[in-house]
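Please work through the exercises below with the sequence and the structure in view, trying each task before reading its solution.

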Amino acid sequence: MASNKRLLVLPGDGIGPEVMGEVRRVIDWFDRRRAVGFDIIEGLVGGVSYEAHGTPVTDEVVEQAMQSDAVLFGAVGGPRWDNLNFSVKPERGLLRLRKDMGLFANLRPAVVFDGLIDASSLKPELVRGLDILILRELTGGIYFGEPRGVEELGDGERRGVNTEVYTTSEVERVGRVAFELAEKRKGFVHSVEKANVMESGQMWREDMQALRDREFPGIPIHHMYADNAAMQLLRWPKQFDVLVTSNLFGDILSDVAAMLTGSLGMLPSASLGAPDVSGRRLALYEPVHGSAPDIAGQGKANPIAMVLSFAMALRYSFDLPEDAVLIETGVAKVLASGLRTDDIMQKGMTRVSTTAMGDALVEELDKLAA
Ligand code: IPM
Ligand code: MG
(Lines give C-alpha, C1' and ligand atoms only; values in the text may rest on other atoms or scores of the structure.)
(Ligands and ions follow the chains in the order given, each with its own letter.)
Protein backbone atom coordinates (compact mmCIF):
# COMPACT_ATOMS: atom_id res chain seq x y z
CA MET A 1 0.00 0.00 0.00
CA ALA A 2 1.53 3.29 -1.06
CA SER A 3 1.42 6.12 1.49
CA ASN A 4 -1.68 8.26 1.42
CA LYS A 5 -1.89 11.38 -0.72
CA ARG A 6 -2.96 14.60 0.97
CA LEU A 7 -5.88 16.25 -0.82
CA LEU A 8 -7.42 19.58 0.12
CA VAL A 9 -10.96 19.81 -1.21
CA LEU A 10 -12.48 23.30 -1.65
CA PRO A 11 -16.01 23.01 -3.10
CA GLY A 12 -16.75 26.77 -2.97
CA ASP A 13 -20.00 28.32 -4.18
CA GLY A 14 -22.88 27.68 -6.59
CA ILE A 15 -22.61 24.31 -8.32
CA GLY A 16 -19.15 23.77 -6.75
CA PRO A 17 -20.43 21.55 -3.89
CA GLU A 18 -22.64 19.50 -6.25
CA VAL A 19 -19.89 18.67 -8.74
CA MET A 20 -17.43 18.08 -5.90
CA GLY A 21 -19.89 15.60 -4.38
CA GLU A 22 -19.59 13.44 -7.49
CA VAL A 23 -15.79 13.65 -7.58
CA ARG A 24 -15.72 12.56 -3.93
CA ARG A 25 -17.48 9.35 -5.02
CA VAL A 26 -14.84 8.79 -7.70
CA ILE A 27 -12.08 9.37 -5.12
CA ASP A 28 -13.79 6.89 -2.75
CA TRP A 29 -13.86 4.41 -5.60
CA PHE A 30 -10.08 4.72 -6.01
CA ASP A 31 -9.67 4.44 -2.24
CA ARG A 32 -11.64 1.18 -2.25
CA ARG A 33 -10.47 -0.39 -5.45
CA ARG A 34 -6.86 0.52 -5.99
CA ALA A 35 -3.58 0.74 -4.15
CA VAL A 36 -3.78 4.46 -3.64
CA GLY A 37 -5.45 6.14 -0.70
CA PHE A 38 -6.28 9.76 -0.03
CA ASP A 39 -6.33 11.79 3.16
CA ILE A 40 -8.93 14.44 2.50
CA ILE A 41 -9.39 17.75 4.30
CA GLU A 42 -12.31 19.95 3.25
CA GLY A 43 -12.23 23.73 3.54
CA LEU A 44 -14.11 26.90 2.67
CA VAL A 45 -13.34 29.24 -0.20
CA GLY A 46 -15.16 32.07 -2.00
CA GLY A 47 -18.51 33.42 -0.86
CA VAL A 48 -19.04 30.69 1.74
CA SER A 49 -15.70 31.58 3.33
CA TYR A 50 -16.65 35.25 3.29
CA GLU A 51 -19.91 34.43 5.12
CA ALA A 52 -18.07 32.41 7.77
CA HIS A 53 -14.87 34.43 8.18
CA GLY A 54 -15.26 37.78 6.36
CA THR A 55 -12.59 36.80 3.83
CA PRO A 56 -12.78 34.67 0.64
CA VAL A 57 -9.91 32.52 1.86
CA THR A 58 -8.37 32.30 5.33
CA ASP A 59 -4.64 32.07 6.09
CA GLU A 60 -5.35 28.64 7.51
CA VAL A 61 -6.78 27.35 4.22
CA VAL A 62 -3.86 28.85 2.27
CA GLU A 63 -1.50 27.07 4.68
CA GLN A 64 -3.37 23.77 4.22
CA ALA A 65 -3.11 24.24 0.47
CA MET A 66 0.67 24.64 0.74
CA GLN A 67 0.88 21.43 2.79
CA SER A 68 -1.23 19.28 0.50
CA ASP A 69 -0.15 17.18 -2.46
CA ALA A 70 -3.00 18.63 -4.50
CA VAL A 71 -5.94 20.98 -4.10
CA LEU A 72 -9.28 20.23 -5.74
CA PHE A 73 -11.19 23.44 -6.28
CA GLY A 74 -14.87 23.69 -7.28
CA ALA A 75 -16.03 27.19 -8.20
CA VAL A 76 -16.52 30.57 -6.53
CA GLY A 77 -18.82 33.56 -6.80
CA GLY A 78 -22.50 34.40 -7.11
CA PRO A 79 -24.87 37.37 -7.32
CA ARG A 80 -25.09 37.51 -3.54
CA TRP A 81 -21.48 38.71 -3.38
CA ASP A 82 -21.36 40.82 -6.56
CA ASN A 83 -21.40 44.14 -4.72
CA LEU A 84 -18.75 43.32 -2.15
CA ASN A 85 -15.63 45.41 -1.94
CA PHE A 86 -13.13 44.24 -4.56
CA SER A 87 -10.64 42.95 -1.98
CA VAL A 88 -13.08 40.44 -0.47
CA LYS A 89 -14.88 39.27 -3.61
CA PRO A 90 -15.07 35.44 -3.86
CA GLU A 91 -12.73 35.48 -6.91
CA ARG A 92 -9.99 37.02 -4.77
CA GLY A 93 -9.83 33.75 -2.83
CA LEU A 94 -8.92 31.85 -5.97
CA LEU A 95 -6.47 34.52 -7.15
CA ARG A 96 -4.74 34.51 -3.76
CA LEU A 97 -4.35 30.72 -3.81
CA ARG A 98 -2.87 30.87 -7.33
CA LYS A 99 -0.47 33.64 -6.33
CA ASP A 100 0.59 32.38 -2.88
CA MET A 101 1.07 28.83 -4.17
CA GLY A 102 3.07 30.14 -7.14
CA LEU A 103 0.90 28.27 -9.66
CA PHE A 104 2.28 29.92 -12.77
CA ALA A 105 1.42 27.19 -15.30
CA ASN A 106 -2.27 26.66 -16.05
CA LEU A 107 -2.99 23.71 -18.36
CA ARG A 108 -6.37 23.85 -20.03
CA PRO A 109 -6.85 20.95 -22.43
CA ALA A 110 -9.72 21.13 -24.90
CA VAL A 111 -10.59 17.63 -26.03
CA VAL A 112 -13.62 16.75 -28.13
CA PHE A 113 -15.27 13.46 -27.19
CA ASP A 114 -16.78 11.62 -30.15
CA GLY A 115 -20.14 11.47 -28.41
CA LEU A 116 -20.30 15.25 -28.21
CA ILE A 117 -19.26 16.26 -31.70
CA ASP A 118 -22.73 17.60 -32.44
CA ALA A 119 -22.76 19.73 -29.29
CA SER A 120 -19.92 21.86 -30.61
CA SER A 121 -20.84 25.13 -32.25
CA LEU A 122 -18.45 24.26 -35.10
CA LYS A 123 -19.02 21.79 -37.92
CA PRO A 124 -18.19 18.15 -37.04
CA GLU A 125 -15.26 17.91 -39.47
CA LEU A 126 -13.57 20.88 -37.78
CA VAL A 127 -13.67 19.41 -34.28
CA ARG A 128 -13.71 15.61 -34.66
CA GLY A 129 -10.69 14.26 -32.75
CA LEU A 130 -9.67 17.73 -31.56
CA ASP A 131 -7.12 17.66 -28.73
CA ILE A 132 -5.38 20.96 -27.99
CA LEU A 133 -3.84 22.41 -24.86
CA ILE A 134 -4.03 26.05 -23.84
CA LEU A 135 -1.17 26.85 -21.47
CA ARG A 136 -2.04 30.05 -19.62
CA GLU A 137 0.48 31.99 -17.52
CA LEU A 138 -1.36 32.33 -14.21
CA THR A 139 0.51 34.44 -11.65
CA GLY A 140 1.64 37.47 -13.66
CA GLY A 141 0.44 39.91 -16.28
CA ILE A 142 -2.42 42.32 -15.87
CA TYR A 143 -4.12 40.21 -13.18
CA PHE A 144 -1.44 41.15 -10.67
CA GLY A 145 0.53 44.04 -12.24
CA GLU A 146 1.10 47.32 -10.39
CA PRO A 147 0.04 50.10 -10.46
CA ARG A 148 -3.62 49.19 -10.30
CA GLY A 149 -6.75 50.81 -8.94
CA VAL A 150 -9.26 53.56 -9.48
CA GLU A 151 -8.30 57.16 -8.80
CA GLU A 152 -10.74 60.05 -8.21
CA LEU A 153 -9.82 62.98 -10.44
CA GLY A 154 -12.57 65.30 -9.15
CA ASP A 155 -15.81 66.47 -10.76
CA GLY A 156 -16.99 62.87 -11.08
CA GLU A 157 -14.10 61.97 -13.37
CA ARG A 158 -12.16 58.83 -12.45
CA ARG A 159 -9.11 57.01 -13.78
CA GLY A 160 -8.98 53.18 -13.75
CA VAL A 161 -5.59 51.52 -14.14
CA ASN A 162 -4.32 47.97 -14.57
CA THR A 163 -0.86 47.09 -15.76
CA GLU A 164 0.45 44.30 -17.94
CA VAL A 165 3.90 43.29 -16.62
CA TYR A 166 6.14 40.34 -17.47
CA THR A 167 9.79 39.63 -16.75
CA THR A 168 12.04 37.43 -18.86
CA SER A 169 12.10 34.75 -16.15
CA GLU A 170 8.31 34.65 -16.00
CA VAL A 171 8.10 34.24 -19.77
CA GLU A 172 10.80 31.58 -19.76
CA ARG A 173 9.40 29.41 -16.98
CA VAL A 174 6.00 29.09 -18.63
CA GLY A 175 7.74 28.75 -22.00
CA ARG A 176 9.74 25.77 -20.71
CA VAL A 177 6.53 24.05 -19.61
CA ALA A 178 5.10 24.66 -23.09
CA PHE A 179 8.09 23.15 -24.89
CA GLU A 180 8.27 20.18 -22.49
CA LEU A 181 4.57 19.46 -23.04
CA ALA A 182 5.04 19.81 -26.79
CA GLU A 183 7.82 17.21 -26.69
CA LYS A 184 5.30 14.70 -25.34
CA ARG A 185 2.57 15.78 -27.76
CA LYS A 186 2.73 16.80 -31.43
CA GLY A 187 6.01 18.65 -31.08
CA PHE A 188 5.27 22.30 -31.89
CA VAL A 189 4.20 25.41 -29.99
CA HIS A 190 2.12 28.50 -30.76
CA SER A 191 3.05 31.52 -28.63
CA VAL A 192 0.35 34.19 -28.50
CA GLU A 193 0.65 37.92 -27.63
CA LYS A 194 0.02 41.37 -29.10
CA ALA A 195 3.59 42.18 -30.12
CA ASN A 196 2.22 44.65 -32.67
CA VAL A 197 0.72 46.89 -29.96
CA MET A 198 2.29 46.09 -26.58
CA GLU A 199 5.96 46.38 -25.64
CA SER A 200 5.47 43.58 -23.11
CA GLY A 201 4.09 41.49 -25.97
CA GLN A 202 7.09 42.19 -28.15
CA MET A 203 9.37 41.18 -25.28
CA TRP A 204 7.30 38.01 -24.74
CA ARG A 205 7.80 37.10 -28.39
CA GLU A 206 11.56 37.75 -28.35
CA ASP A 207 12.11 35.88 -25.07
CA MET A 208 10.07 32.87 -26.23
CA GLN A 209 12.02 32.71 -29.48
CA ALA A 210 15.37 32.99 -27.65
CA LEU A 211 14.38 30.26 -25.18
CA ARG A 212 13.38 27.97 -28.01
CA ASP A 213 16.63 28.64 -29.94
CA ARG A 214 18.74 28.03 -26.82
CA GLU A 215 17.01 25.09 -25.11
CA PHE A 216 14.53 23.50 -27.54
CA PRO A 217 15.99 23.86 -31.05
CA GLY A 218 14.05 20.78 -32.26
CA ILE A 219 10.62 22.26 -31.49
CA PRO A 220 9.12 24.66 -34.05
CA ILE A 221 7.57 27.80 -32.57
CA HIS A 222 4.89 29.88 -34.30
CA HIS A 223 4.17 33.39 -33.05
CA MET A 224 0.61 34.66 -33.38
CA TYR A 225 -1.27 37.80 -32.37
CA ALA A 226 -4.03 37.16 -29.85
CA ASP A 227 -6.84 38.48 -32.04
CA ASN A 228 -5.72 36.27 -34.90
CA ALA A 229 -5.44 33.31 -32.50
CA ALA A 230 -9.08 33.82 -31.44
CA MET A 231 -10.10 33.81 -35.10
CA GLN A 232 -7.92 30.79 -35.99
CA LEU A 233 -9.30 28.79 -33.05
CA LEU A 234 -12.75 29.13 -34.62
CA ARG A 235 -11.60 28.77 -38.23
CA TRP A 236 -9.35 25.73 -37.98
CA PRO A 237 -8.65 24.65 -34.40
CA LYS A 238 -6.68 21.55 -35.40
CA GLN A 239 -3.74 23.69 -36.53
CA PHE A 240 -2.89 24.08 -32.80
CA ASP A 241 -1.37 21.67 -30.33
CA VAL A 242 0.17 23.60 -27.41
CA LEU A 243 -0.82 27.29 -27.29
CA VAL A 244 1.09 29.30 -24.65
CA THR A 245 -0.03 32.78 -23.70
CA SER A 246 -0.36 35.41 -20.97
CA ASN A 247 -2.79 35.39 -18.07
CA LEU A 248 -5.44 37.62 -19.69
CA PHE A 249 -5.26 36.24 -23.23
CA GLY A 250 -5.28 32.72 -21.77
CA ASP A 251 -8.42 33.49 -19.79
CA ILE A 252 -10.19 34.57 -22.97
CA LEU A 253 -8.82 31.99 -25.40
CA SER A 254 -9.51 29.10 -23.03
CA ASP A 255 -13.20 30.04 -22.98
CA VAL A 256 -13.16 30.01 -26.80
CA ALA A 257 -11.45 26.60 -26.78
CA ALA A 258 -13.98 25.36 -24.22
CA MET A 259 -16.85 26.15 -26.54
CA LEU A 260 -15.23 24.11 -29.31
CA THR A 261 -15.68 21.02 -27.15
CA GLY A 262 -19.44 21.50 -26.86
CA SER A 263 -19.66 22.51 -23.25
CA LEU A 264 -17.83 24.46 -20.63
CA GLY A 265 -19.04 21.72 -18.28
CA MET A 266 -16.52 19.35 -19.89
CA LEU A 267 -13.26 21.23 -19.42
CA PRO A 268 -10.80 20.48 -16.59
CA SER A 269 -7.67 22.40 -15.70
CA ALA A 270 -4.44 21.98 -13.77
CA SER A 271 -2.46 24.83 -12.21
CA LEU A 272 1.11 23.89 -11.37
CA GLY A 273 3.97 25.51 -9.48
CA ALA A 274 7.69 24.96 -9.96
CA PRO A 275 9.06 21.63 -8.70
CA ASP A 276 11.17 21.91 -5.52
CA VAL A 277 14.47 20.03 -5.00
CA SER A 278 12.59 16.82 -4.22
CA GLY A 279 10.52 17.16 -7.39
CA ARG A 280 7.33 17.99 -5.47
CA ARG A 281 5.22 20.76 -7.01
CA LEU A 282 2.22 22.54 -5.56
CA ALA A 283 -0.88 22.06 -7.65
CA LEU A 284 -4.53 23.03 -7.86
CA TYR A 285 -7.11 21.36 -10.08
CA GLU A 286 -10.36 23.05 -11.06
CA PRO A 287 -13.00 22.94 -13.76
CA VAL A 288 -12.84 25.83 -16.24
CA HIS A 289 -16.55 26.53 -15.70
CA GLY A 290 -17.73 28.89 -13.00
CA SER A 291 -20.20 28.60 -10.14
CA ALA A 292 -23.29 28.82 -12.44
CA PRO A 293 -25.57 30.32 -9.75
CA ASP A 294 -28.56 30.14 -12.13
CA ILE A 295 -28.63 26.34 -11.92
CA ALA A 296 -27.09 25.80 -8.48
CA GLY A 297 -28.89 23.38 -6.18
CA GLN A 298 -31.08 21.94 -8.94
CA GLY A 299 -29.12 18.80 -9.76
CA LYS A 300 -28.49 20.06 -13.29
CA ALA A 301 -24.74 20.69 -13.15
CA ASN A 302 -22.38 18.59 -15.23
CA PRO A 303 -19.82 16.96 -12.91
CA ILE A 304 -17.55 15.84 -15.78
CA ALA A 305 -15.15 18.84 -15.79
CA MET A 306 -14.60 18.36 -12.05
CA VAL A 307 -14.08 14.61 -12.44
CA LEU A 308 -11.65 15.17 -15.31
CA SER A 309 -9.82 17.70 -13.13
CA PHE A 310 -9.26 14.90 -10.61
CA ALA A 311 -7.95 12.76 -13.50
CA MET A 312 -5.44 15.53 -14.21
CA ALA A 313 -4.39 15.39 -10.54
CA LEU A 314 -3.75 11.67 -10.91
CA ARG A 315 -1.60 12.39 -13.97
CA TYR A 316 0.35 15.49 -12.91
CA SER A 317 0.52 15.27 -9.09
CA PHE A 318 0.37 11.54 -8.35
CA ASP A 319 2.11 10.07 -11.37
CA LEU A 320 -0.77 7.66 -11.98
CA PRO A 321 -1.34 8.11 -15.72
CA GLU A 322 -3.14 4.76 -16.09
CA ASP A 323 -5.68 5.74 -13.47
CA ALA A 324 -6.17 9.08 -15.23
CA VAL A 325 -6.84 7.22 -18.48
CA LEU A 326 -9.30 4.95 -16.64
CA ILE A 327 -11.39 7.98 -15.66
CA GLU A 328 -11.14 9.53 -19.13
CA THR A 329 -12.21 6.26 -20.73
CA GLY A 330 -15.09 6.01 -18.26
CA VAL A 331 -16.26 9.49 -19.22
CA ALA A 332 -16.08 8.66 -22.94
CA LYS A 333 -18.12 5.48 -22.38
CA VAL A 334 -20.80 7.21 -20.34
CA LEU A 335 -21.16 9.84 -23.07
CA ALA A 336 -21.26 7.15 -25.75
CA SER A 337 -24.10 5.46 -23.86
CA GLY A 338 -26.20 8.57 -24.45
CA LEU A 339 -26.39 10.03 -20.94
CA ARG A 340 -26.37 13.83 -20.89
CA THR A 341 -26.65 16.54 -18.28
CA ASP A 342 -28.65 19.61 -19.23
CA ASP A 343 -25.75 21.60 -20.68
CA ILE A 344 -24.91 18.95 -23.31
CA MET A 345 -28.42 17.59 -23.87
CA GLN A 346 -29.25 16.69 -27.48
CA LYS A 347 -32.16 15.09 -29.30
CA GLY A 348 -32.39 11.34 -28.79
CA MET A 349 -30.19 11.35 -25.68
CA THR A 350 -31.16 10.66 -22.06
CA ARG A 351 -31.22 13.68 -19.76
CA VAL A 352 -29.75 12.88 -16.34
CA SER A 353 -29.08 14.72 -13.10
CA THR A 354 -25.69 15.50 -11.59
CA THR A 355 -25.87 12.51 -9.26
CA ALA A 356 -27.14 10.14 -11.95
CA MET A 357 -24.14 11.13 -14.07
CA GLY A 358 -21.96 10.33 -11.05
CA ASP A 359 -23.71 6.93 -10.62
CA ALA A 360 -23.03 6.10 -14.27
CA LEU A 361 -19.36 7.08 -13.98
CA VAL A 362 -18.77 4.95 -10.89
CA GLU A 363 -20.55 2.00 -12.55
CA GLU A 364 -18.41 2.44 -15.62
CA LEU A 365 -15.25 2.45 -13.47
CA ASP A 366 -16.40 -0.80 -11.88
CA LYS A 367 -16.81 -2.35 -15.33
CA LEU A 368 -13.47 -1.08 -16.62
CA ALA A 369 -11.61 -2.37 -13.57
CA ALA A 370 -13.39 -5.75 -13.48
C1 IPM B 1 -10.89 31.45 -14.87
C2 IPM B 1 -11.86 32.42 -14.27
C3 IPM B 1 -11.12 33.27 -13.25
C4 IPM B 1 -10.06 34.08 -13.99
C5 IPM B 1 -12.00 34.17 -12.36
C6 IPM B 1 -13.06 33.39 -11.64
C7 IPM B 1 -11.15 34.95 -11.37
O8 IPM B 1 -12.48 33.17 -15.26
O9 IPM B 1 -10.26 30.69 -14.11
O10 IPM B 1 -10.77 31.41 -16.10
O11 IPM B 1 -10.37 35.15 -14.55
O12 IPM B 1 -8.92 33.64 -14.00
MG1 MG C 1 -12.04 32.54 -17.26
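**Exercises on a predicted model**

**Exercise 1.** In this predicted model, find which side chains have an N or O atom at 2.7 Å or 2.8 Å from an oxygen atom of ligand 1.

Solution. Begin with R136, whose side chain places an N or O atom 2.8 Å from an oxygen atom of ligand 1. Taken alone, ligand 1 exposes 320 Å², and the protein buries 75% of that. Continue with R108, where the distance from a side-chain N or O atom to an oxygen atom of ligand 1 is also 2.8 Å, and then with R98, where it is 2.7 Å. Each of these distances is a polar contact, because the cut-off for a pair of N or O atoms is 3.5 Å.

**Exercise 2.** Describe the surroundings of ligand 1, and state how many residues of its shell are nonpolar, polar and charged.

Solution. First list the residues that surround ligand 1, which are E91, R98, R108, R136, Y143 and D251. Next sort this shell by residue class, which gives one nonpolar residue, no polar residue and five charged residues.

**Exercise 3.** Count the aromatic pairs, and work out why the pair of F38 and F310 is edge-to-face.

Solution. The count comes to six aromatic pairs. One of them joins W29 and F30, edge-to-face, with 5.0 Å from centre to centre and 80 degrees between the planes. W29 counts as buried because its relative accessibility is 0%, and F30 is likewise buried, with a relative accessible area of 0%. For F38 and F310, the ring centres are 5.7 Å apart and the planes stand at 65 degrees, so this pair is edge-to-face, given that the cut-off for that class is over 60 degrees.

Note on methods:
Residues are numbered from 1 along each chain as its sequence is written. Chains are lettered from A and ligands numbered from 1 in the order in which they are written. This is a predicted model: local features need pLDDT of at least 70, side-chain atom pairs count only at pLDDT 80 or more; totals for chains, interfaces and linings use all residues. Side-chain values use heavy atoms; hydrogens and water are left out. A residue is near a molecule or strand if one of its heavy atoms lies within 4 Å of it. A polar contact is a pair of N or O atoms within 3.5 Å; within protein, one must be able to donate a hydrogen and the other to accept it, and residues adjacent in sequence count only if both atoms are side-chain atoms. Accessible areas come from the Shrake-Rupley method with a 1.4 Å probe; for residues, only the protein chains shown count as cover. Ala, Val, Leu, Ile, Met, Phe, Trp, Tyr, Cys and Pro count as nonpolar, Asp, Glu, Lys and Arg as charged, and the others, Gly among them, as polar. Rings of Phe, Tyr and Trp (its six-membered ring) pair if their centres lie within 6.5 Å; planes under 30 degrees apart count as stacked, over 60 as edge-to-face and the rest as tilted. Buried means under 20% relative accessible area, exposed over 50%, partly exposed in between (1.4 Å probe, protein chains only).
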